Amino acid sequence: MGVRRADPDAVDPSAKTGAHLPNVLAVQQARAAGAHEALLLDARGFVTEGSSSNVFAVARGVLRTPPLAAGILEGVTRGVVLRLAREARVQVEEVALRPEDLEAAEEVFITSTVREIVPVTRLGVRAVGSGRPGPTTRALHRAFRALAGGPPGVGPGV
């Protein structure tokens with residue numbers, strides 16, 4: 001998690017522009033380290049989003065994700081996941097997350113339109129939680145697939 005994202009005062013995060021060099025560099029770094037996705041930090045060191053995804057963490061039963069005010073793209077899948085979580089009576093917090101918050105979380109997952117909900121089982125060399133998709137991630141994935149009209153359980157590791 002060493003690459004900083006473009007400052008939202010310089011590049012509007014809601015605009016899908018060509019100003020994604022930090023994202024491209026982050027993915028190159030992540031892939032060189034054997035990872036599938038890179039997480040970006042803001043200028044203060046808080047996690048904002050993945051290079052092409054939104055990020056969520058579950059700690060003590062609370063689903064947490066950075067707020068839109070952090071300068072992240074308002075992902076469609078992110079919005080659906082937040083709605084599904086609230087409908088399932090999962091406590092949701094849109095708060096600033098530090099890298100240590102993700103490392104201490106019982107579950108971490110990313111969302112994107114193409115990948116839907118993808119469990120994160122490892123951050124660098126550390127396992128997230130048990131190293132397997134957790135119950136909240138699995139439940140939200142099932143609810144998402146039911147809403148999307150696809151078979152449940154389709155997807156990497158869920």
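Val-58 has Glu-107 as its bridge partner in β6, a strand (a DSSP run of E with at least two residues, numbered from the N terminus). This is a predicted model, in which local features need pLDDT of at least 70 and side-chain atom pairs count only at pLDDT 80 or more, while totals for chains, interfaces and linings use all residues. Residues are numbered from 1 along each chain as its sequence is written, and side-chain values use heavy atoms, leaving out hydrogens and water.

**Strand pairing**
- β3 and β6 pair (DSSP finds at least two bridges between paired strands) in the antiparallel sense, over 5 bridges.
- β6 also pairs with β7 in the antiparallel sense over 5 bridges, and 3 residues lie between these two strands in a hairpin.
- Ser-112 stands opposite Glu-116 in β7.

**Burial of β6**
- Because 6 of its 6 residues are buried, β6 is largely enclosed by the rest of the structure; buried means under 20% relative accessible area with a 1.4 Å probe, protein chains only.
- One side of β6 carries Glu-107, Phe-109 and Thr-111, the other Val-108, Ile-110 and Ser-112, and all are buried.

Key. Buried < 20%, exposed > 50% of the residue type's maximum accessible area, 1.4 Å probe, protein only. Helix = DSSP H or I, 4+ residues; strand = E, 2+ residues; numbered from the N terminus.
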